[in-house]
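Dear colleague,

I am passing on a structure that I would like you to look at alongside these notes. Please open it first, and then read on with the model in view.

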Amino acid sequence: MANSVYSNRLSPTGAHQTDRHLIIDTLIFARWIIPVIPEQQVLIDHALAVQGGKILEILPADQARAKYQPKSVHELPRHALIPGLINAHTHASMSLMRGLADDLPLMTWLNEHIWPTEGRWINEEFIADGTRLAIAEMIRGGTTCFNDMYFFPEVTGKVCAAAGMRAVVGLITIDFPSAWANNADEYISRGLEVHDQFRSHSLISTAFAPHAPYTVSDAPFKRIRVLADELEIPIHMHVHETKDEISQGISHYGNRPIERLQQLGLLSPALTAVHMTQLEPEEIELFASSGASVVHCPESNLKLASGFCPVATLHQAGINIALGTDGAASNNDLDMFSEMHTAALLAKGIANDASAIPAHTALRMATINGAIALGIADKTGSLEAGKAADLTAVNLGGLETQPIYHPISQLVYATGREKVTDVWIAGKQVLHGGRLTTLDSQEIIQQAQIWQERIAEFE
């Protein structure tokens, strides 16, 4: 219908209103809409209305057709429409090291392979090319937001902004020098500049990212705690990842890392602690009382034999648990569907309880829990009116997912990222029928191959 047929006026929602319809940007019809909040809700034959990059409302399909005149319509009769997945911990540009040093324990992997490779190759070009590779993989897998920890965060932020990807860019701090900074004070200073650069950006936010208790000394930690409070941004850090980390903490500081972080005032709702595989009961209790979040990276932990995060116990203690892939150098993919599947099954096996982490909880861990951990739950993580239209469409029509008794269970236990067909971030379609719309796949592959040849020559 042409807009000129009707008298136009602006509705309170920002959509243009005609005598018969509201003119909006996008209307998406799906067989199932799974908003995550309320938990376990599955809406059948509904539509989601998008205006100005935000969710306007979710309503029955027949009502949507009667109410709205969309500029763009998407019919998804075999799909589940879910919130875009949130990868709450990764090192995006390390995708260029995928498969470089497999089947090694963490400290051997780091000391003998990853850190030497970083020392030789890390620069702005590496970060840009690696980040583009990671973003392309994540979007194709239904991920609409990631939380990064790596060098040259300003480059990561620029690449994400150009690709239309939502990201929390980590302001990394570490005691030893790198290509980006020479000491902890310089890391923090440069990080503050990056924070200022993206302060008002609609897609890019920041978090302090001290690497780990064994690589950051007390003085930088104290400064980060004060600055995080002043700027009201999260703190993202590897914590209790391996037994070796615990031993180092006791040897160097006379206590286990969580106790040290508590003494430094870092255990608070602002903290997002990644891995958490080595925990005593009293540490779980202390952590729960702090209001901090955990990011569980089950597949990276398994591959590096780092240990098992007691997810069911943390969940029972009321701790917010999100999911992350870690970097592609230690996983070796950025597949959040696989992480959901592994997290749910692993938790059951460790707890000896088939109900420990049900499918709907795993989906929540990959969506709204990640948004809570990153301090962006007001923007994304669930399909609610007023939130950004960060959406993932998953085709459940294939024979591998039939019959469909419970769509949420199928998403976690019977499907994978290859079933993702369409993705929107802030209302912009960044994957259309499996095709990236903001990135050039062939160019990204070519650049990855160039880096492979460079790095392999010296490995």
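Helices α3 (124-140) and α16 (441-458) each supply at least two residues of the lining of the largest pocket, where helices are DSSP runs of H or I of at least four residues, strands are runs of E of at least two, and both are numbered from the N terminus. This pocket holds about 310 Å³ of space, and among the 16 residues that line it, Ala136, Glu137, Arg140, Leu436 and Ser441 lie nearest its centre. On a 1 Å grid over the protein atoms alone, a pocket is an open set of points with protein on both sides within 12 Å along at least five of seven lines, a cavity is a set of points where a 1.4 Å probe fits but cannot get out, and lining residues have an atom within 4 Å of a point. Grid points are joined across faces, edges and corners, and a volume is the space filled by probe spheres set on the points.

Please keep in mind that this is a predicted model, in which local features need pLDDT of at least 70 and side-chain atom pairs count only at pLDDT 80 or more, while totals for chains, interfaces and linings use all residues. Residues are numbered from 1 along each chain as its sequence is written, and side-chain values use heavy atoms, with hydrogens and water left out.

The largest cavity contains about 250 Å³ of space, and of its 23 lining residues, His91, Met94, Leu110, His211 and His238 are the closest to its centre. Helix α2 (residues 106-121) gives the largest share of that lining, with six residues.

UniProt, in an unreviewed entry, places the feature "binding site" at Glu118, His211, Glu241 and Asp326, and the lining of the largest cavity includes Glu118, His211, Glu241 and Asp326. UniProt positions are given in the numbering used here, feature names are shortened, and annotations may be inferred rather than shown by experiment. Glu118 lies in helix α2, and this residue counts as buried because its relative accessible area is 10% (buried means under 20%, exposed over 50%, and partly exposed in between, with a 1.4 Å probe and protein chains only).

Asp102, by contrast, sits in the loop between β7 (85-90) and α2, and it is partly exposed, with a relative accessible area of 29%. Although Asp102 and Ser330 are 228 residues apart in sequence, their C-alpha atoms are 7.4 Å apart in space.

With best wishes
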